[in-house]
Amino acid sequence: MSGKFLTRWLQQNLGFAAAILLLVVLYLVYNILHPRGFSSAVAIQNSNEAVAIVFVAMAQTLPVLLGGLDLSVGAVMTLTNCIASELLHGSPAQILLGMIVTLLSGTAFGLMNGCIVVYGRIQPIIATLATGAIAIGLALLVRPKPGGDVDEDLSWALTNAVADFAETYGIADDGQAWWLSPFADIPVPVILVVIVAALVWIPFRRSVTGRTVYAIGSAEGSAYMSGLPINRAKIAAFTLGGLLAACGGLYLAIQTSSGNADIQQAGAYTLNSIAAVVLGGTSLLGGSGGAIGSLVGALILRVISFYFRILDIDPLLQPLIEGVVLLTAVSFGAFRTLRVKNKLDLFR
Amino acid sequence: MTDAIIEYRGISKHFSGIRALENVDFACSAGSIHGILGENGAGKSTLIKIMSGVLQPDAGEIRLEGRPVAFASPRAAGDAGIICMFQELSLIPDLTVADNLSISDPPRRLGLIDRRAQKARAEKLLARVRCEDVDPNALVRELSLSRRQMIEIAKALGRDPKVLILDEATSALTARDVQTVYDLLADLKSKGVASLFISHRMHEVDALCDTLSVFRNGRHIETFAKGAKNGREIVKLMIGRDVEAQFPPRPPARPEAREDRPLLQVSGLTWEDRLNGIDLSVRRGEIVGLGGLDGQGQKELLLALFGVLEQVGGEIAIAGQSGGPASPAAAKSGRTRMALVPEDRKTEGLMLGMSIADNLLAACQARISRGPFIDPQRARQAVADGIAKLQIKVGSPQDAVMTLSGGNQQKVVIAKWLMIDPDIILLNDPTRGIDVGTKQEIYRLMRDLADAGKAILFYSSDYAELIGCCDRVAVLYGGRVVSEQSGDGITEESLVAASLNIDPRAA
């Protein structure tokens, strides 16, 4: 019975399963090649560098599931990064308020995207191309020059291991408590990602609104005929995308202790988020896939870039090699077409 | 009528000046199965689209259980207990069967969808429509068309309808499934549910409904109890004129002449587990039918002949030359040209958003081109010829093909293929879901084409068509030809027996 269940799951989630396998292999080899492989320090550094793209890729997943693209995710991340760099200091209450304002501003931007798409009846790709430029413009107003003031304790606590977090805030006997020891070496950013995925994505996936998002991407006419809340689901998808992009921006501010309205960075994050979504097994046609896949896809992209450091490859070659790796990985998805014996199935 | 559950009073609906419904009074009683009859374009689909909240009437009033109502969306109508199953299925292909069955109001725990409860609900509903073989965790896209229709019916049942509308809901069902649907509707009737049944299969309407209403040109012509009129009178009401014989006469069987080498010869054809050694031949001037239950390999056979399938085993010989086409492009441009009118005209037959003219020219670009460019003069001429030949009712050839009714869309598909002047014509259920008038035109056209020396292979899920149209019928079962019948030997009894793979002599 469980064997049959596993087979069915594999059939329905082949892209996702392949992505996980690829990530595990890449990361194991990376750690074997790394002089300090399999250490907490390496894991902490790697996870810190991966968080922002992971969140942005998860943000991109929702519009893609609808069958669209959000070209503003990188810009919203940049905007919230700049806002956070202005707000994350002062008393603990002020810092907490600053975080909430940062996340809310990203959420509000996503809500605006959703309303424009639904009520303006504009295709997502062009609507978000425009709003992305607006987000960058706002970011430049907030922070014309790179810099910022982010609480140092916060920055330290959230970018290191669990034990360091406990020590910074003096909880669990400064991180020495016996019950903390099993988790002491886990990087805090990993925990943050898991928490957001568990509290935002999983409930969404199992809500009527979330299912409607899949239904719209799969067959919008059928979704309408079934009486599903189409407008609400579209707006919710973009809003949630805004929230997840803001999580990325917030973390980037904490990690770098600064904000930077960098246009090129915003564009790179947007394009990488699309690559991560596809690598993670989500169909660009919409209707199948998920944010956990995109999380894995984003990690694959990051691990590839880690290789450049330890293998001593000329950084000028990085875009070239990344492009080839991405093309190769995506091509694996095309292998299914070799097994198709009814050519009509290729067009479905 | 006092016990009317739903009532229309003076409902009118116009689309950009064209009348779809004109001042319609109509009522349907609780605990009845009400058949709606009419040609395509008679206003049946507008009637039910208004009832189910897809369209809003321009004038008039709808009453549900005596109270005036107005539905702004399918959701509002569904909440009021009016559930419609549309011809275009409303299932979501990328979601599972269980997800689809509970799509509008899934069981929830703490605000989240309760998968276990949803699966249990799915199993119960699947049992009700006798589809226990369907896995609730399967994706809908993995199922065959007939299974999907049953899922659609289960989905509607699960919403506890007061009024259930079935629009061509049985068009792809097997005989066993149709019986299941009959039983379900009888059960609903005893519980006071009103069912509106729309079908182009007269014998289904006749077997099932207790009340019949005829529509023509957007008007409600007459409502009467079943049995008050005979078939001929009903058809007369529907088309407003006398009908000639439904099928053109079949020419007497010709003795097999020496020069009658089959144009299409198939032997031992295999593919995956769907085709298991098909032997078949079609000569010029012959209409050969493919019979049998749905899903016995008929569609795959046509696709294999047209070069759509990969790794087909066995032998295909066309005009004596061994080897079938490698692709549809090769099939239509070989020395012996082949055409396939596909199963699903909306996805495989037409480019719905493109114009009628572009669709008509889609297969014959090479014939109307000068060098790399399409010759506008010849293109216009070809389009005009195609429209005239099949009497397609169009406003302008530049209109999008999706603005046409189902029957006219199918005519566009057929006209498109006739433009390449094919020698072999493969037809996959070409009359599915189209009106009686157009059906008759297609029957006559098939006979004319055969008389002009074409070889026609014709799959139909309607036994009456096979009996009426074909010179020979090959009945498929489990991917094999189990019986071949010809001329007057083709009868409903013999076809049904062969479909079920029962030896007629034993039965």
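Predicted model: local features only at pLDDT ≥ 70, side-chain atom pairs only at ≥ 80, totals over all residues.

1. B:E65 sits in the loop between β4 (59–64) and β5 (67–69) of chain B. Its backbone deserves a look: B:E65 is not a glycine, yet its phi is positive, at about 50°. For context, most residues other than glycine have a negative phi.

2. Now for the overall layout of chain B. The chain is divided into domain 1, covering 4–239, and domain 2, covering 261–499. Taken over C-alpha atoms, the centres of these two domains are separated by 31 Å.

3. Let me start with the sheet that contains β3(B). This is an open sheet of six strands with mixed pairing, and its order is β6-β9-β10-β3-β11-β12 in chain B. At the edges are β6 (82–85) and β12 (219–225), each of which pairs on one side only. On average, neighbouring strands here are turned by 20° against each other, direction ignored.

4. Helix α1 (residues 44–51) of chain B packs on this sheet, where it touches β3, β6, β9 (163–167), β10 and β11 (211–216). The direction of α1(B) makes about 145° with that of β9(B).

5. Strand β3 (residues 33–37) of chain B pairs with strand β10 (residues 194–198) of chain B in the parallel sense, over four bridges; B:I33, for example, has B:S195 as its bridge partner in β10(B). β3(B) also pairs with β11(B), again in the parallel sense and over four bridges, and there B:I36 stands opposite B:S213.

6. How much of β11(B) is covered? Five of its six residues are buried, so the strand is mostly covered. β11(B) runs antiparallel to β12(B), with six bridges joining them, and B:F215 has B:H220 as its bridge partner in β12(B). The two strands form a hairpin with two residues between them. In the turn, B:N217 has a positive phi of about 50°.

7. A second open sheet of chain B also has six strands and mixed pairing, in the order β18-β21-β22-β15-β23-β24. Its edge strands are β18 (338–341) and β24 (480–486), and each pairs on one side only. Neighbouring strands of this sheet are turned by 20° against each other on average, direction ignored. Strand β23 (residues 472–477) of chain B runs antiparallel to β24(B), joined by six bridges, and B:A474 stands opposite B:E484 in β24(B).

8. Helix α15(B) lies across β15 (287–291), β21 (424–428) and β22 (455–459) of chain B, running at about 150° to β22(B). Its length is a friendly check on the geometry: at 1.5 Å a residue, the 16 residues of α15 (residues 436–451) should span 22 Å, and the end C-alpha atoms are 23 Å apart, which agrees.

9. Which residues of α15(B) are buried? They are B:V436, B:T438, B:K439, B:I442, B:Y443, B:M446 and B:A450. These residues cover an arc of only 160° around the axis, and therefore lie on the same side of α15(B). On the other side of the helix, B:D448 and B:D451 are exposed. After α15(B) comes B:G453, with a positive phi near 95°.

10. Finally, a word on the two chains together. In this model, 24 residues of chain A are in contact with 27 residues of chain B. On the side of chain A that touches chain B, the elements giving two or more residues are α1 (2–12) and α11 (208–225) of chain A. Of the elements on that side, α11(A) gives the most, with ten residues.

Terms used. Residues numbered from 1 in each chain as written. Chains lettered and ligands numbered in written order. Pairing = 2+ DSSP bridges. Axes fitted to C-alpha atoms, helices over the stretch in contact; angles between N-to-C directions. Contact = placed C-beta atoms within 7 Å. Domains from an automatic or database assignment. Expected span 1.5 Å × (residues − 1). Buried ≥ 20, exposed ≤ 12 C-beta atoms within 10 Å, placed from the backbone. Arc of directions from axis to C-beta.
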